[in-house]
Amino acid sequence: SVGDWKIVQVSGKFIAGEPEKKFLETVDGLLQSGARKVVIDMTTSFFADDTVASAAPDAYHRARTAGADMRFVVLPGRAGGYYHMAGLEMTIPTFSRLGGAIEV
């Protein structure tokens, strides 16, 4: 947590199966706990498959439906490759630094 912001740090591989399930369960848990400002930090994730192109918008939609603000921190390349190839930065608030995503 930083101020009112809850930070989900995605590290390692962001792929289909258990990692995707754990990611969505974590997002759901935060939203159910009443979090209204959530940042998904993918800067330490070294690999992602096309799962990120569906899981990220799904998480974002869940947050918006719950009345929460969700932002993503994604670097070009590495795990951000599929994220940027899918054009998600055009539809989801996306930043290259955690400090840019958080309003304290």
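**Talking through the model**

Biologist: Leaving aside its neighbours within four places in sequence, which residues is Lys37 in contact with?
Modeller: Let's start with the word itself: contact means heavy atoms within 4.5 Å. Lys37 has its place in strand β2. With the neighbours within four places in sequence set aside, Lys37 is in contact with Asp4, Trp5, Lys6 and Asp69.

Biologist: Good to know! What kind of model is this?
Modeller: Residues are numbered from 1 along each chain as its sequence is written, and side-chain values use heavy atoms, with hydrogens and water left out. Local features need pLDDT of at least 70, side-chain atom pairs count only at pLDDT 80 or more, and totals for chains, interfaces and linings use all residues, the model being predicted.

Biologist: What does Lys37 count as, at 27% relative accessibility?
Modeller: Buried means under 20% relative accessible area and exposed means over 50%, with partly exposed in between (1.4 Å probe, protein chains only). The relative accessibility of Lys37 is 27%. Lys37 therefore counts as partly exposed.

Biologist: How many Å apart in space are Lys37 and Asp69, C-alpha to C-alpha?
Modeller: Along the sequence, these two residues are 32 residues apart. In space, the C-alpha atoms of Lys37 and Asp69 have a separation of 4.9 Å.

Biologist: Now the helices. What should helix α1 span, at 1.5 Å a residue?
Modeller: Helices (H or I, at least four residues) and strands (E, at least two) are DSSP runs, numbered from the N terminus. The expected span of a helix is 1.5 Å times one less than its number of residues. Helix α1 has 15 residues (18-32), and its end C-alpha atoms are 21 Å apart.

Biologist: Which residues of α1 are buried?
Modeller: The other side of α1 has Glu18, Lys22 and Gln32, which are exposed. What covers the buried residues of α1 includes β1 (6-14), β2 (37-48), α2 (52-65) and β3 (69-73). The buried residues of α1 are Glu20, Phe23, Leu24, Val27, Leu30 and Leu31.

Biologist: In α2, which residues are buried?
Modeller: On the other side of α2, His61 and Thr65 are exposed. Among the elements that cover the buried residues of α2 are β1, α1, β2, β3 and α3. The buried residues of α2 are Val52, Ala55, Ala56, Ala59, Tyr60 and Ala63.

Biologist: How are α1 and α2 oriented to each other?
Modeller: Axes are lines fitted to C-alpha atoms, for helices over the stretch in contact, and angles run from 0 to 180 degrees between N-to-C directions. Angles under 35 degrees count as roughly parallel, over 145 as roughly antiparallel, 65 to 115 as roughly perpendicular and the rest as oblique. Helices α1 and α2 pack at about 10 degrees, with their axes 10 Å apart. The two helices are therefore roughly parallel.

Biologist: Which residues of α2 make the contact with α1?
Modeller: From α1 come Glu20, Phe23, Leu24, Val27, Asp28 and Leu31. On the α2 side, the contact is made by Ser54, Ala55, Asp58, Ala59, Arg62 and Ala63.

Biologist: What is the relative accessible area of Ser54?
Modeller: Ser54 is in helix α2. The C-alpha atoms of Ser54 and Phe23 are separated by 12 Å, the two being 31 residues apart along the chain. Ser54 is partly exposed because its relative accessible area is 44%.

Biologist: Which residue takes a positive phi just after α2?
Modeller: Just after α1, Gly34 takes a positive phi of about 100 degrees. Just after α2, a positive phi of about 80 degrees is taken by Gly67.
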